[in-house]
Amino acid sequence: MDKVEVQKIKQKALEDHIPIIMDDTLGVVDKILTDIKPKKILEIGTAVGYSAICFSEYLAENGVIDTIEREEERVIEARKNIKNAGVEDKINIYLGDAVEVLPTFNDKYNVIFIDAAKGKYPFFLEQAIRLLSNNGVIIADNILYKGYVMSDYNKHKQRTAVRNLRQYLKDVQENPNFETEILEVGDGLAISKRRY
Ligand code: SAH
Ligand code: MG
C-alpha cells in the first residue's frame with residue numbers, strides 16, 4: 001500500500017469534513033486486526049474509503065473487505081482512493097443503503113465494523129450477529145456520541161440517534177454470547193467478542 005497516498009486521502013477527507021476514523025480509534029482497531037488477521041472484514045459506512053484502506057493492511061493473505069456506502073459521490077471517490085492506494089484487489093464497495101444491502105449478504109466475516117447511521121445501530125447489530133463467524137468481533141464506532149449516550153441530558157436534536165445507540169449497547173451487553181468492552185477513544189468504541 002502507498003502510505004504517502006493514504007496520508008493524502010486522510011488530509012483531503014479532513015478538509016472535506018468527512019467523519020473518518022480518529023487516530024486513537026484506528027490504533028485500537030489496528031491492534032485487534034493484528035491479533036485476528038481476518039480473512040474477511042465487513043464495514044458499514046465506507047465514506048471515502050479511508051478506514052477500509054487502513055484496515056486492508058491487516059488482512060490475511062487473499063483476505064477481502066466488503067464495505068457499504070449509500071452516497072454515490074462518496075463511493076466514486078472511495079473507488080478512486082482505493083485504486084490510488086494500490087489496494088483495489090482487497091476492497092469491494094457496495095453502493096446502497098446498508099439497511100437494504102445487509103439482508104442480501106450471507107458470507108461470514110471475522111470482523112465487522114459498524115460506522116454509519118446511528119439511528120440504525122440496533123438493526124446493524126442484528127445483521128452483524130447473523131453475519132459474524134465463530135470467534136468474530138463486532139466493532140461499533142461513535143458509540144458514545146460526544147458523550148450524549150452516557151449523560152442524562154436528553155433535550156438535543158440527536159435524541160433518536162442517542163436512543164438507538166443506547167439500545168445497541170443494551171442489546172449487545174445483554175447478549176450472553178458476547179463479551180463487550182466500551183472504550184472512550186475517539187467518539188467511543190464498542191468492541192464485542194463472540195464467546196464461541
Ligand atoms: N468508515 C469511514 C467513515 C464513515 S462516515 C472512515 O472511517 O473512513 C459514515 C458513512 O456512512 C457516511 O459516508 C454515510 O454516507 C454512510 N452511511 C450512513 N448511513 C448509511 C446507511 N444506512 N447505509 C450505507 N451507508 C450509510
Ligand atoms: Mg466513525
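Analyst: Start with Lys170, which is partly exposed at 44% relative accessibility. Bear in mind that this is a predicted model. The partner of Lys170 is Glu174: their side chains form a salt bridge, 3.3 Å from N to O. Glu174 is exposed, because its relative accessibility is 54% and the cut-off for exposed is over 50%. Both residues belong to helix H7, which covers residues 159-174. They stand 4 residues apart there, about one turn of the helix.

Arg195 and Glu179 join their side chains in a salt bridge with an N to O distance of 3.2 Å. Glu179 is in strand E6 (residues 178-183), while Arg195 is in the segment after strand E7 (189-194), so this pair ties together parts 16 residues apart in sequence. Glu179 counts as partly exposed, with 49% relative accessibility. Salt bridges can also share partners: Lys12, Asp16 and Glu77 are joined into one network in this way.

Now move to helix H1, residues 3-15. Which two side chains meet here in a salt bridge at 3.7 Å? They are those of Lys8 and Glu5, with the distance taken from N to O. The cut-off is 4 Å, so this pair qualifies. Lys8 and Glu5 are 3 residues apart in helix H1, which means that about one helical turn separates them. Are the two ends buried or exposed? Lys8 is exposed, at 51% relative accessibility. Glu5 is buried, at 16%.

The magnesium ion (ligand 2) has Asp115 (OD), Asp141 (OD) and Asn142 (OD1) as its protein donors. These donors lie 2.1 to 2.2 Å from the ion. Along the sequence, the donor residues follow the spacing D-x25-D-N. Asp141 and Asn142 are both buried.

To recap the pairs: Lys170 and Glu174 share helix H7, Lys8 and Glu5 share helix H1, and Arg195 and Glu179 tie together parts 16 residues apart in sequence.

Technical notes: Residues are numbered from 1 along each chain as its sequence is written. Chains are lettered from A and ligands numbered from 1 in the order in which they are written. This is a predicted model: local features need pLDDT of at least 70, side-chain atom pairs count only at pLDDT 80 or more; totals for chains, interfaces and linings use all residues. Side-chain values use heavy atoms; hydrogens and water are left out. Helices (H or I, at least four residues) and strands (E, at least two) are DSSP runs, numbered from the N terminus. Buried means under 20% relative accessible area, exposed over 50%, partly exposed in between (1.4 Å probe, protein chains only). Donors are N, O and S atoms within 2.8 Å of the metal (3.2 Å for Na, K and Ca); water is not among the atoms, so sites may look incomplete.
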